[in-house]
Protein chains: 2
Amino acid sequence: MSMPVPAGPKGTRDFFPEDIAFQGFIFSSWEKTCACYGFEPYEGPMFEHLELYTQKSGVEIEEQLYVFKDKKGRDLALRPEMTPTLARMVASRGTNLKLPLRWYSMPRLFRYEKMQKGRLREFFQLNLDIIGISEVSADAELIAAAIDMMRSLGFTAGDFKVRISSRTLLEELFIAAGLSKEGCGLLYALLDKKAKLPPEKFNHELTKTVSDKNVLGKIAKIFESQTLEDLQRLGGNLPALTVLKELFETLGLYGFSDYVTFDIGIVRGLAYYTGIVFEVFDTAKSMRAVAGGGRYDRLIEQYGGPSVPATGFAAGDVVLAELMREKGISPARTGRSSCYITALDGTKPADIIAVAQELRAAGISCEFSLKNLNVSKQMKNANAARSPYALFVGGDEARQGLVKIKNMTTGDETMVPRYEIVNNMTRLFSLNLT
Amino acid sequence: MSMPVPAGPKGTRDFFPEDIAFQGFIFSSWEKTCACYGFEPYEGPMFEHLELYTQKSGVEIEEQLYVFKDKKGRDLALRPEMTPTLARMVASRGTNLKLPLRWYSMPRLFRYEKMQKGRLREFFQLNLDIIGISEVSADAELIAAAIDMMRSLGFTAGDFKVRISSRTLLEELFIAAGLSKEGCGLLYALLDKKAKLPPEKFNHELTKTVSDKNVLGKIAKIFESQTLEDLQRLGGNLPALTVLKELFETLGLYGFSDYVTFDIGIVRGLAYYTGIVFEVFDTAKSMRAVAGGGRYDRLIEQYGGPSVPATGFAAGDVVLAELMREKGISPARTGRSSCYITALDGTKPADIIAVAQELRAAGISCEFSLKNLNVSKQMKNANAARSPYALFVGGDEARQGLVKIKNMTTGDETMVPRYEIVNNMTRLFSLNLT
């Protein structure tokens, strides 16, 4: 009858209640930031038709898909990212949506990848998008939200940096250097992989992508640039440079200059980005990016929708959690219930259940032993449930119409009239909240 | 370049922000009830190894699975129910878990089924389980939680009924009528499908399962029973009858007698149930069950864990939403942001962003136009965002150090000092909350 305990699939996680306390802190920080910035939630299916991904997201995504067929033989794929679903949903409403949209989602996503630090096959992402604004003010608002999301998790300016560049600027520079438009696309994909490739391999790929030695020399110079001023000396007052400068100025108005930096090496792998791109890294760059995003002004149109500008970013829970652990950020775990109702010897279930249902009707979390146990065993269970309060119902107190409330942290005990339990507990919890 | 807007997969849903308002009301009611009853959240992977389902859940589940292979050729399946994952997780901790567990989850699940009213291929479920209590008090606590979950959604005693039976009682009755243990298992599966089969088809299947005419006659009599008293006359004081009576008495202590009824027709299809079983239906039984569950005392052991009793139930969001719509329950949609910051003519972005970041730092949701728009266009956007308040920053007021706050519902306007904005807004929202 029995068997060895089966394991969950590789690259996935079981979340026991103690894990949920940690994970829930990430989710609630995400939600709080999105609400503060006036973003609304949306969700989509956990899988999509395969073509949704293969047509627009570039080669890297394809290799990582969990693909399957439904019983009619249609190709489906577990979603590896949320943007194609978002673009499909926005496109499906055509011109009926009142722009700008400020939308967020916290999708669960799936990528069949080699597992390593900060990388699992099943993970969660925060996705934030502003749709309908071509101005750089939208990119600034998004980057500000990314920074406040990190701050709400407990990170400071010393912990992370938003590294910003612009695909438009790169394109303007590359084309000035003699590269074709198509060459630019291939170069982005290669540059995005730079950190993951051995230098010789990267250089080999680079000379394959850019065969002209003269062009290659110019591109090398571009990538040696550390600041926007360096690039200005190299390429003059290019239009995209002016936009990027405005972005940094606006982020200064948010008070976030310390959190952001220009980084020519940020290009993003996905094919659909069109303008400003950015990634969030821990200061030491010891891990993968914790967030990344940028402008994708042509994607919604490519999915058959109207031509609307869009910009967005995504942050993954796995790298964030790694970084939180490294920085010693560990949210407290609250009690399973606020109040453990303890039956003194001889108390009938009727009396216990009555108290429980009164408290629950008032929105106060409580539980009681479902077995007939002595008081000391009930207290052990109350401790296991981490309940901050215990009520003692029955006994001598009951004959006087009283109930004892015990603060399980301080040990303080007070007697209150039976009919005043709900009022007293409500008062205790509103005091604790302020 | 462009293409027709792609559709999402059949049987799945897109949740636009207005849909999330409805769905979020279901989720928050679920969470509120679970918290009030002292249940803790857990989660698991969205897919499991195929064997996890095929070995224990019976034939019906197998036909409905979305199955796929990973790149190493292992068979995986999108999860069609949560109980096998729960049992696997509990089993994996062996005797290290402090019992009883009071656990809940709100998994997204997948079943490849024919679509019909109240049934989709991708849906959400509330799962509530008490593990480690063999007493019927745990079944009562769970059924009470199911009832309070329905009440928190806005349903009343007139809207739904919990229909309760006991597999142990059925087994005791069937065996007394002359059926074998194995025959009982086959009969449960058949009885569970009774409502979905045409009467002739059901009778045909029944005579195939129970060939002995004498036994068949006795079983027919059992199913004609309307009350526990009828069954007592038929089978005497069977042990399971005493347990079932205690369950109804305990539910009376919760004040829930009006919500529950005995129903001999409730058996549940899944193979793993062992004792009390129940389903929640709308009063008219015009729809599928909105919730169902029961005792599964042997499952955790079957997954290689210790021998621990368990009882649980699940409620699906799709049928619940159908019933809510039928009863006219429609939660209100709140504003995208609490406060729309309006720039009066000539106000610089710096002044607007400063106000926004002060409010956001205080946890107050706000937004502003990311385009340079005149005041009337900004007001249109504030209405589209359904913001309950608008702030007007700049102009003559700014020269006096003042800012105008407008209540967008009543039209009331007040002037406050610029440095008092956060205090004023905080006060307005704490007033609204009480």
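Biologist: Why are H6(B) and H11(B) called roughly antiparallel to each other?

Modeller: In this predicted model, the axes of helix H6 (residues 167-176) of chain B and helix H11 (residues 239-253) of chain B cross at roughly 150° and come within 8 Å. Axes here are lines fitted to C-alpha atoms, for helices over the stretch in contact, and angles run from 0 to 180 degrees between N-to-C directions. Angles under 35 degrees count as roughly parallel, over 145 as roughly antiparallel, 65 to 115 as roughly perpendicular and the rest as oblique. H6(B) and H11(B) are therefore roughly antiparallel.

Biologist: How are the residues and chains labelled, and what does the prediction require?

Modeller: Residues are numbered from 1 along each chain as its sequence is written, while chains are lettered from A and ligands numbered from 1 in the order in which they are written. Local features need pLDDT of at least 70 and side-chain atom pairs count only at pLDDT 80 or more, whereas totals for chains, interfaces and linings use all residues.

Biologist: In which hand does H6(B) pass H11(B)?

Modeller: The crossing is left-handed. That word applies if the near helix is turned anticlockwise from the far one by less than a right angle; clockwise makes a crossing right-handed.

Biologist: Which residues make the contact of H6(B) with H11(B)?

Modeller: H6(B) brings Thr168(B), Leu169(B) and Glu172(B), and H11(B) brings Ala240(B), Leu241(B) and Leu244(B). Two residues are in contact if their C-beta atoms, placed from the backbone, lie within 7 Å. By class there are four nonpolar, one polar and one charged. Ala, Val, Leu, Ile, Met, Phe, Trp, Tyr, Cys and Pro count as nonpolar, Asp, Glu, Lys and Arg as charged, and the others, Gly among them, as polar.

Biologist: Why are H10(A) and H11(A) called roughly antiparallel to each other?

Modeller: Helix H10 (residues 228-235) of chain A and H11(A) pack at about 165°, with their axes 11 Å apart. H10(A) and H11(A) are therefore roughly antiparallel. Their crossing is left-handed. Leu228(A), Leu231(A) and Gln232(A) in H10(A) meet Leu241(A), Leu244(A) and Lys245(A) in H11(A). That contact has four nonpolar, one polar and one charged residues.

Biologist: What makes chain A more spread out than a compact globule?

Modeller: Chain A has 17 helices and 17 strands. Helices (H or I, at least four residues) and strands (E, at least two) are DSSP runs, numbered from the N terminus. The radius of gyration of chain A is 28 Å, well over the 22 Å that the globule rule gives for 434 residues, so chain A is more spread out than a compact globule. The radius is taken over C-alpha atoms, and the rule is 2.2 Å times the number of residues to the power 0.38. The C-alpha trace spans about 95 × 55 × 50 Å along its principal axes.

Biologist: How many residues does the contact take from chain A and from chain B?

Modeller: Chain A gives 77 residues and chain B gives 77 residues. Helix H14 (residues 349-361) of chain A supplies the largest share of the side of chain A that touches chain B, five residues. That side of chain A divides into 39 nonpolar, 17 polar and 21 charged residues.
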